[in-house]
Amino acid sequence: MSGPEHMNTVEGRYVQMDEVDWVDFPEALSAGGIRWKLLNVAPESGAWTAIFDCPAGSSFASHVHIGPGEYFLTRGRMEVRGGVDDGGDTAVAPGYGYEACQAYHGRTYFPEDSEFYMTFLGPLNFVGEKGETVALVTWKVAQDAWEASQS
C-alpha cells in the first residue's frame, strides 16, 4: 500500500473511532468549537465521511450541498435550514436526514451538545453573505485539512 492512509483502495476501510482523536473543525467554516474526525475519503466517487462533535451553541457557516449527503444524528438536536420554526427541519437524536443536491443551509445550529455522522457525496460549498464561495470542501480538501491537523 502507498499514499495517504485515507486513500488506500485495497478491499475496504475500517476505522476504530474511539482510537482517533477529535480535532478542531476550521473556525472559518464554523463557530462555537465544533470538532471532527475524518473517517473516509473516496476519490473514486468524490465522497467523504466524517463525524462531528458540536457543543451547545455551535453552528456551521452558510453552505450549499453541491452533491447530496446523508447524516445520522447520534446525540442531541440540530436546527437544519433554520429549524422547524423557520421552515426547515429540527433533527432530534436518534435521527436520519438526507440533503439533496443544491440544498442551501443559511446556518446549521446546535442548541444542545450534539454529535452526527455524515457522508457527503460531493463537495460542500461554504458561502458568504452575497453567495460568494468562501471555501469549496471536496474530499481532497477535507483530507488535506485532516492531514494538516495531524502534524
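## The cavity, the aromatic cluster and the loops

About 150 Å³ of space lies in the largest cavity. A cavity is, on a 1 Å grid over the protein atoms alone, a set of points where a 1.4 Å probe fits but cannot get out, and lining residues have an atom within 4 Å of a point. Grid points are joined across faces, edges and corners, and the volume is the space filled by probe spheres set on the points. The structure holds 1 cavity of 30 Å³ or more. Of the 17 residues that line the largest cavity, Phe60, His63, His65, Phe116 and Met118 are the closest to its centre. Two or more lining residues come from each of S4, strand S6 (63-65), strand S8 (77-80), S13 and strand S14 (124-127). The most is given by S13, with 3 residues. Strands here are DSSP runs (E, at least two residues), numbered from the N terminus.

The model is predicted: local features need pLDDT of at least 70, side-chain atom pairs count only at pLDDT 80 or more, and totals for chains, interfaces and linings use all residues. Residues are numbered from 1 along each chain as its sequence is written, and side-chain values use heavy atoms, with hydrogens and water left out.

### Aromatic rings

The structure holds 13 aromatic pairs. Rings of Phe, Tyr and Trp (its six-membered ring) pair if their centres lie within 6.5 Å; planes under 30 degrees apart count as stacked, over 60 as edge-to-face and the rest as tilted. Two of these pairs are set out below.

| Pair | Centre to centre | Angle between planes | Type |
|---|---|---|---|
| Trp48 and Phe120 | 4.1 Å | 15 degrees | stacked |
| Phe52 and Phe60 | 5.4 Å | 90 degrees | edge-to-face |

Trp48 in strand S4 (residues 47-54) and Phe120 in strand S13 (residues 114-120) are 72 residues apart, and their pair links distant parts of the chain. Trp48 and Phe120 are both buried, a term for a relative accessible area under 20%, with exposed meaning over 50% and partly exposed in between (1.4 Å probe, protein chains only). Phe52 and Phe60 are buried as well. Ring pairs link Phe25, Trp36, Trp48, Phe52, Phe60, Tyr71, Phe110, Phe116, Phe120 and Trp146 into a cluster.

Phe25, one of the cluster members, is found in the loop between strand S1 (23-24) and strand S2 (30-31). Why is Phe25 counted as buried? Its relative accessible area is 7%, and buried means under 20%. Leaving aside residues up to four places away in sequence, Phe25 touches Ser30, Ile34, Arg35, Trp36, Phe52, Phe60 and Phe126, where contact means heavy atoms within 4.5 Å. Phe25 and Ala145 are 120 residues apart along the chain, and their C-alpha atoms are separated by 8.9 Å.

Lys37 lies over the face of Trp22, at 4.6 Å from the ring centre; the rule asks for NZ of Lys or CZ of Arg within 6 Å of the ring centre and within 35 degrees of the ring normal.

### Cysteines

A disulfide is a covalent bond between the sulfur atoms of two cysteines. With a disulfide taken as a pair of cysteine sulfur atoms within 2.5 Å, the count comes to 0 disulfides. Cys54 is buried, at 0% relative accessibility, whereas Cys101 is partly exposed, with a relative accessible area of 46%.

### Loops and backbone

Most residues other than glycine have a negative phi, and most peptide bonds are trans. A cis peptide bond joins Ala93 and Pro94, with omega about -5 degrees. Pro94 lies in the loop between strand S9 (89-92) and strand S10 (95-99).

Arg81 has a positive phi, near 55 degrees. This residue is in the loop between S8 and S9 and is partly exposed, at 28% relative accessibility. Gln102 also has a positive phi, near 70 degrees; Gln102 lies in the loop between S10 and strand S11 (103-105) and is exposed, at 53%.

Gly83 is also placed in the loop between S8 and S9. Is Gly83 buried or exposed? Gly83 is buried, at 0% relative accessibility. Beyond residues up to four places away in sequence, Gly83 touches Gly88, Asp89 and Thr90.

Asp86 is found in the loop between S8 and S9 and is exposed, at 63% relative accessibility.

Definitions and conventions:
Helices (H or I, at least four residues) and strands (E, at least two) are DSSP runs, numbered from the N terminus. On a 1 Å grid over the protein atoms alone, a cavity is a set of points where a 1.4 Å probe fits but cannot get out, and a pocket is an open set with protein on both sides within 12 Å along at least five of seven lines; lining residues have an atom within 4 Å of a point.
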